[in-house]
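Subject: Structure for you to look at

Hi,

Here is the structure I promised to pass on. Please open it alongside this message, and my notes follow below.

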Amino acid sequence: MKHQEPLLVQILAKKLGVDPKSIVDFELNLFDVQPASIGGIHSEFVHSSRLDNLASCFLSLKGLIDHVTHDGLENDSDISMIAMFDHEEVGSSSSSGAGSPIMGEAVRRISYVLGAGEDNPLMYDRAIQRSFVLSVDQAHAVHPNYVSKHEKNHGPKMNGGMVIKRNSNQRYATNGMTGLIVRQIAKKAGLPPIQEFVVRNDCACGSTIGPIISANTGIRAIDMGCPQLSMHSIRETMGTKDFTHGLALFQAFFQHFSSVDKQIED
């Protein structure tokens, strides 16, 4: 491979136990392999790489497993699922990103199966209308040295619970109705009040897969996350209690969404 560094190819070949000439090409990503650690005077912080967004991936998967394990499927009239996408940090415009047709196709195929194999557009439309997406990325917690970066009444704190993210320019998918639904779910489950995050008007705001999925499919969505510091750094920090808060919210969502949604009139 003339376009690759020979020494790098030799190292890879040695690690793989193959002839360097047998390697025709590769995609190589370097990442921190240092294990996560607990820190803080009261062991109140988790320090780890890629908390954004492996924390939410873990919590959603654990929440779904718990839902199934505790007889949730037997009493579940909905299709409960999680989706983890590639390339979220670089725009999601790929065949395996949130900007692909994957989510819409999943709903269409499920509707087809539930319709006994008949392609029923009305069933698909109803499935879209009744569906709901929790777009759960991490959220920027208030940094004690940069408090002014947050709106005074919308600064989430670590170990203070999950965060709803809002933006009037639609950088986040949250609206009044989706925010209400999640707050009611948390209230019904007896969870701590959910925190709010709003980027200051004079600061740029990042985005998530929430608006992308909602725009591509028409599914209602909300943007949420666990508060953390040093987002996108090699080592990130979040509160240990927020793992419990996040898991409890996923469990409550799988259990109570259907009943709460039916009680709310748009």
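**The sheet and its helices**

Strand β4 and strand β8 (residues 227-229) run parallel and are joined by two bridges. Here two strands pair if DSSP finds at least two bridges between them, and strands (E, at least two residues) and helices (H or I, at least four) are DSSP runs numbered from the N terminus. In this pair, His140 stands opposite Gln228 of β8.

Before going further, a word on the source: this is a predicted model, in which local features need pLDDT of at least 70 and side-chain atom pairs count only at pLDDT 80 or more, while totals for chains, interfaces and linings use all residues. Residues are numbered from 1 along each chain as its sequence is written, and side-chain values use heavy atoms, with hydrogens and water left out.

β4 and β8 belong to an open sheet of five strands, ordered β1-β2-β9-β8-β4, with mixed pairing. The edges are held by β1 (37-39) and β4 (139-140); each has a single partner strand, so one side of each is left without a neighbour in the sheet.

Further in, β8 and β9 pair in the antiparallel sense over two bridges, with Gln228 opposite Met238 in β9. These two strands form a hairpin with six residues between them, and Ser230 in the turn has a positive phi of about 55 degrees. β9 also pairs with β2, again antiparallel, over four bridges; His47 stands opposite Thr237 there.

Which way do the residues of β9 point? Glu236 and Met238 point one way, Thr237 and Gly239 the other way, and all are buried (under 20% relative accessible area, with exposed meaning over 50% and partly exposed in between, for a 1.4 Å probe and protein chains only).

Helix α7 (residues 240-263) lies across β1, β2, β8 and β9, at about 65 degrees to β9. Axes are lines fitted to C-alpha atoms, for helices over the stretch in contact, and angles run from 0 to 180 degrees between N-to-C directions. His245 lies in α7 and counts as buried because its relative accessibility is 18%. Leaving aside residues up to four places away in sequence, His245 touches Asn159, Gly160, Gly161, Met162 and Pro192 (contact means heavy atoms within 4.5 Å).

**The pocket and the cavity**

The second largest pocket holds about 550 Å³ of space. A pocket is an open set of points on a 1 Å grid over the protein atoms alone, with protein on both sides within 12 Å along at least five of seven lines; a cavity is a set where a 1.4 Å probe fits but cannot get out, and lining residues have an atom within 4 Å of a point. Points are joined across faces, edges and corners, and a volume is the space filled by probe spheres set on them.

This pocket is lined by 29 residues, with His140, Tyr172, Phe197, Gly206 and Met231 nearest its centre. β4 and β8 each supply at least two residues of the lining, which divides into twelve nonpolar, ten polar and seven charged residues.

Helix α3 (residues 102-114) gives the largest share, three residues.

Best wishes

Definitions and conventions. Ala, Val, Leu, Ile, Met, Phe, Trp, Tyr, Cys and Pro count as nonpolar, Asp, Glu, Lys and Arg as charged, and the others, Gly among them, as polar.
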